[in-house]
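User: I'd like to walk through this model with you, one question at a time. Could you start with the ground rules?

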Amino acid sequence: MAFVPIADLAQRDDQVMKIITAIRSLSDEEVTTENIFSVLRDAPKDGKGAYSKSELVAAYKRLCDENVLTFERETLRRLQMKPTRTISGVAPVTVLTKPYPCPGKCIFCPTDVRMPKSYLHDEPGAMRAEMHAFDPYNQTFARIKAFEDLGHSAKKVELLILGGTWSSYKRDYQEWFIQRCLDAMNERDSDSLEEAQQWNETSDHRNVGLVIETRPDHINPDEIRWLRRLGVTKVQMGAQSLDDHILDLNKRGHTVEQTRQAVTMLKAAGFKIVLHWMPNLLGATPESDHEDYLKLWSDVALRPDELKIYPCSLLANAELYEYWQRGEYHPYSDDELIDLIANSMARTPRYCRINRVIRDIPAPNIVAGSKRSNMRQDADREMHKRGLKCECLRCREVRGSSVNAAELRLDAMQYETRFGMENFISFVTRNDKVAGFLRLSLPDLTPNHSPDDKEQERHLERGVTLGLPEIENAAMIREVHVYGPSLGLGDESEGEAQHVGIGLKLIEAAQELAASAGFKKIAVISAIGTRPYYRKRGFEIEGLYMTKSL
């Protein structure tokens with residue numbers, strides 16, 4: 001770090017104080033990007049150029065530590081760059097695995113030798129990964145530092161491991177990769193994955209969620225047990241289409257039934273499910289895609305917790321490009337795509353969160369079809385024109401709004417799955433915004449002697465079928481999530497939803513519901529860093545889960 005003379009530092013502090021005083025004086029209505037940058041321009045650094053937000057955040061923290069200023073969380077938020085990054089309660093840290101052959105032969109998938117299958121070297125996340133030579137430690141450490149430099153808390157980290165089909169990588173690489181990610185969070189090197197996991201339970205940066213992406217045809221009981229050993233809590237899978245003919249035309253390599261079976265097994269084991277749905281594939285039409293979308297919710301073997309809508313993009317380095325050149329493939333127009341997505345979003349159940357509506361592919365790579373990066377906003381405007389609205393979980397979360405815990409009401413909805421009933425329990429505000437929620441699975445405990453194969457499948461005997469005796473005949477908490485800006489594990493709430501007891505009340509409601517349904521035991525698919533939280537609430541580690549007698 002360059003030496004800064006005391007006189008110069010004092011002068012800079014005066015400028016920083018001027019900026020902070022001006023930012024604090026803004027009313028809530030006046031806190032806009034334009035007004036914040038106007039304040040920065042009025043107090044330039046060293047008489048030239050504006051301070052970066054990371055410089056201001058660092059200076060503000062230092063002045064608070066020196067008792068020159070009194071810390072105010074609202075001031076920090078106003079100084080932050082992109083405060084929405086941690087608005088859902090956790091710091092999402094995305095890392096990529098190294099380039100590796102993929103078992104899939106999908107015609108829509110790009111091939112870039114510098115990247116894992118389906119990724120392009122000029123995508124933002126891929127560029128960061130390549131800069132760090134795909135090293136898991138360096139990628140994780142750099143992302144955490146970037147969050148903290150911009151004033152965000154990274155004490156609760158959701159680790160998202162992307163890069164093609166995770167399950168196709170060698171297991172020793174998978175184990176090493178996750179161990180090194182945890183080492184970065186723990187800021188010390190471990191001798192084994194188990195040691196890294198143990199340390200992370202009390203680390204300053206705890207892993208509160210671990211996400212991988214794979215294919216439906218790679219999910220089986222052995223894979224599920226392996227994922228749990230690694231600490232995985234959420235699985236992303238490319239369903240792409242719910243029409244076997246479309247899947248076959250696009251050489252996807254799996255069937256709809258394999259997707260249904262994968263979702264069923266993963267839910268039975270407590271995982272959160274994120275499905276990818278891809279309209280505009282070869283052979284599809286806007287009308288067929290609309291019917292396809294509705295199958296996601298009408299089929300009891302699907303009904304994902306989260307969804308990514310990735311319209312097919314035509315890329316020159318994908319086999320689909322040749323079909324387009326021969327006139328056999330026709331990308332949807334912007335109007336067709338916006339109409340389809342608006343209709344789809346308006347029919348999404350309230351228990352599902354639509355995470356994304358378009359993939360972050362740089363426009364120059366797209367040969368034909370839509371290049372719009374704000375498709376979600378376009379669909380929102382179209383819904384508004386039609387008097388429709390999306391009620392997915394993302395659209396209903398409180399985000400940065402203050403919460404009065406005394407005014408929240410408990411809301412519960414139930415829907416059928418292939419092996420029992422799913423319960424979505426939430427605390428909502430007066431204007432129907434979700435402050436926190438819990439997903440509770442209640443498998444059907446009734447013995448089934450029906451000769452009907454489909455009926456047999458619905459009565460999936462969990463622990464026996466999956467080789468997980470610790471969750472046999474147990475109710476399963478699959479997710480507990482409290483919204484609002486990410487707070488540290490010991491920070492007090494100042495109107496945010498976190499740390500006002502919502503999580504505890506949700507767990508108590510789940511236990512009462514499970515007990516009233518006849519369950520004697522409840523399990524939770526705990527992330528490594530949330531184990532201490534559940535221990536305080538009576539849960540103990542049993543096998544690959546945490547359980548509690550009711």
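Analyst: Helices here are DSSP runs of H or I with at least four residues, strands are runs of E with at least two, and both are numbered from the N terminus. This is a predicted model, where local features need pLDDT of at least 70, side-chain atom pairs count only at pLDDT 80 or more, and totals for chains, interfaces and linings use all residues. Residues are numbered from 1 along each chain as its sequence is written, and side-chain values use heavy atoms, leaving out hydrogens and water.

User: Which loop holds Glu187?

Analyst: Glu187 isn't a glycine, yet its phi is positive, near 60°. Its loop is the one between helix H7 (171-186) and helix H8 (193-200).

User: Is Phe134 buried or exposed?

Analyst: Phe134 also has a positive phi, near 60°, in a residue other than glycine. Its place is the loop between helix H5 (124-131) and helix H6 (136-149). Buried means under 20% relative accessible area, exposed means over 50%, and partly exposed is in between (1.4 Å probe, protein chains only). Phe134 has a relative accessible area of 11%, so the call is buried.

User: And how does Glu187 count at 46% relative accessibility?

Analyst: The value falls in the class between the under 20% and over 50% cut-offs. So Glu187 counts as partly exposed.

User: Which strands stand at the edges of the sheet?

Analyst: Two strands pair if DSSP finds at least two bridges between them. Seven strands form an open, parallel sheet in the order S1-S2-S3-S4-S5-S6-S8. Each edge strand has a single partner, so one side is left without a neighbour in the sheet; the two are S1 (91-96) and S8 (353-356).

User: What angle does H6 make with S1?

Analyst: Contact means heavy atoms within 4.5 Å, and H6 packs on the sheet by touching S1 and strand S2 (156-162). Axes are lines fitted to C-alpha atoms, for helices over the stretch in contact, with angles from 0 to 180 degrees between N-to-C directions. For H6 and S1 the angle is about 150°.
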